[in-house]
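Open your viewer and keep the selection panel handy. We will go from stop to stop, picking one piece of the chain at a time.

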Amino acid sequence: MTLQCPTIRHHRIHLLSAICDNQSNVPVHLPSCAIIVKDYTIDPDGREKDTVNQPIFRIPSWRWWRRLISLTLGCILVAVGLDLFLIPNQIIDGGVVGISIIFSEITPWSMSVFLVLFNLPFWFLGYKQIGKTFTFCTMYSVILLAVLTEFIHSFPRVTDNLFLATVFGGIILGMGVGLIIRNGGSLDGTEVLAIIGHEKLGFSVGEIVMFFNVFILGSAGFVFEWDKAMYSLIAYFIAYKTIDVVVEGLDESKSVMIISDKPDDIAEAILYRLGRGVTHIYGKGGYTKEEKELLYCIVTRLEVAKLKSIVSEIDPHAFVAIEHVHDVLGGRFKKKSIH
């Protein structure tokens, strides 16, 4: 490419690493997660002239500390759920953790060794397919969990009642895994494999993960007893639902699409009686070819019943479509005061 300007300012991006640390012009006070830019200019003679290095992107250190604390707390909960409730009662989890528990039962090695060993290839795949932050958080979580399980394993189990161990072990395990997932990490390498397999095999990520876990939990029946395998399936289901609560929260959001002949009246009622904003969308009926005005709004799960009541009062013949929203970011979703 030919540069036309007499003096052009460029940016050369350096990621702080072991290589960059050897350069004298890298500020030593920057955190290891910072990205700096090296400015330089090209004069009319084609010569580079360096200017001052300055950071253009820096993840605040407090966010990293908060993330590490959350990951640590999640690992502690997982270790407690496994070593004080599930494993002493021969109840296993799905994924790599479940495979590690089975192998630790049939070999003299501990679960911690297999947990790290079996996750090694998934770390490489995660680095290639998802990114560095995910890989770092996953490596930190897995290694910390391996250390914690070795430590907590020496404590006596909380209960020998299979039902109580299944329920409370599944809840504590799900809370821990949910915290780890919410902060960008993972303990189950099969999820990475499912993401790759989803693109090539045509199955959804959930279907592939479920296939792996059914196979793993079914294998527990051959290693332990079949009733323990059934308890493991129950614990897995409880943990799965708890993960959803931790990751998505109790205050689930719903998106609502309303098609009515009285859009202004409905929008005003939603605004002043429900305290939610409404977006007007203009469209055309596919069959009637008539111009239509659609209303779109986001409400919480607890507000759905009142919204349907409001719409029904104003226009009993209105078309209402309600969908689950995974997450809401930005905009003006904050609830307005109801007058």
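In the hairpin of β5 and β6, which residue takes a positive phi? Select K289: its phi is near 65°, and the hairpin has six residues between the strands.

A word on ground rules. This is a predicted model, where local features need pLDDT of at least 70 and side-chain atom pairs count only at pLDDT 80 or more, while totals for chains, interfaces and linings use all residues. Residues are numbered from 1 along each chain as its sequence is written, and side-chain values use heavy atoms, with hydrogens and water left out. Helices (H or I, at least four residues) and strands (E, at least two) are DSSP runs, numbered from the N terminus.

Next, select residues 291-300, strand β6.

Strand β5, residues 279-284, runs antiparallel to β6 and is joined to it by six bridges; look for T279, whose bridge partner is Y296. Strand β4, residues 253-259, is also antiparallel to β6, over seven bridges, and there S255 stands opposite I298.

Move on to residues 132-152, helix α4. Colour its buried residues, including F134, L144, L148 and I152.

Last stop: an unreviewed UniProt entry lists residues 68-86 among its "transmembrane region" stretches. Over residues 68-86 the chain is 100% helix, with end C-alpha atoms 26 Å apart.

Definitions and conventions
Expected span 1.5 Å × (residues − 1). Buried < 20%, exposed > 50% of the residue type's maximum accessible area, 1.4 Å probe, protein only. Pairing = 2+ DSSP bridges. UniProt positions renumbered as here; feature names shortened; annotations may be inferred.
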